[in-house]
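Hi,

Here is the structure I promised to pass on.

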Amino acid sequence: MLVTDGIHLIDGVKGAHVYLVTGSHSFLVDSGLPGQEDRILKYINNIGLDPAVLEGIILTHYDVDHVGSAVKLQNLAHCPIYAHRLEIPYIMGQQKRPGIKRWLPLLTRPLYGALIPAKEIKPLEEGKVFEDWEVIPTPGHTPGHIVLYRNGVAIVGDLFQGGEIRLAPNYFSWDLEILRKSAQIVIERPLRWILPGHGPATPASNHWLDKLQKSMNG
Ligand SMILES: [Zn+2]
């Protein structure tokens, strides 16, 4: 489904949403649970894009429902995987995810298949990536969570949930206080669209921005 500005939300992916950014630079943001690579590639082919033009797979953070199909996609599209340096040891399997997240790859394995650790990940530099997209560090849900921002469009991973925009649930958050600060940084930007990992792609509105602001102050 084309959302806005050449950005597609790939339909039917299990786990978190996968966004396909097309234009002068094309790349994927997140990769769903394991086993989603065929569906993602099919979507890319269906819109007439050659997977060889993909310049990267950007991972907003280390959770299994976001990183699950990254390695298979990388092998199929022959492009690098990118993440914030603090997330890389988790995605490469060198460091264990904290708390319940340690067990999620095992819990999802019977249905979706094994989570393959990435062999190589390029660190995202804070500032700019792929021309005009800004990488905004937004720690809180995880230590190295990032948001991509361009011209009023924010691809927010698990910083916010879509629909009635809310913060990611507390029990899955690494640090709620830091999460609130990160949310503040993003909602101070001019916003047209919030593209979350979960819930619908959501046009920005003052109504929910105000509500969100109040819930963070309260
Ligand atoms: Zn997450």
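Predicted model: local features only at pLDDT ≥ 70, side-chain atom pairs only at ≥ 80, totals over all residues.

Residues are numbered from 1 along each chain as its sequence is written.

An open sheet of 7 strands runs in the order S1-S2-S3-S4-S5-S6-S7, with mixed pairing. Its edge strands, each pairing on one side only, are S1 (2–4) and S7 (122–123). Helices (H or I, at least four residues) and strands (E, at least two) are DSSP runs numbered from the N terminus, and two strands pair if DSSP finds at least two bridges between them. S3 (residues 19–21) and S4 (residues 26–29) run antiparallel and are joined by 3 bridges; Val-21 has Phe-27 in S4 as its bridge partner.

Leu-28 is among the residues with the most contacts inside the largest nonpolar core, which has 54 residues. Such a core is a set of buried Ala, Val, Leu, Ile, Met, Phe, Trp, Tyr and Cys residues joined through C-beta atoms within 7 Å.

Asp-30, between S4 and helix H1 (37–46), has phi near 70°, and His-78, between H3 and S6, has phi of about 55°. Asp-30 is buried, with 27 other C-beta atoms within 10 Å, whereas His-78 is exposed, with 10. The cut-offs are 20 or more for buried, 12 or fewer for exposed and partly exposed in between, with C-beta atoms placed from the backbone.

Best wishes
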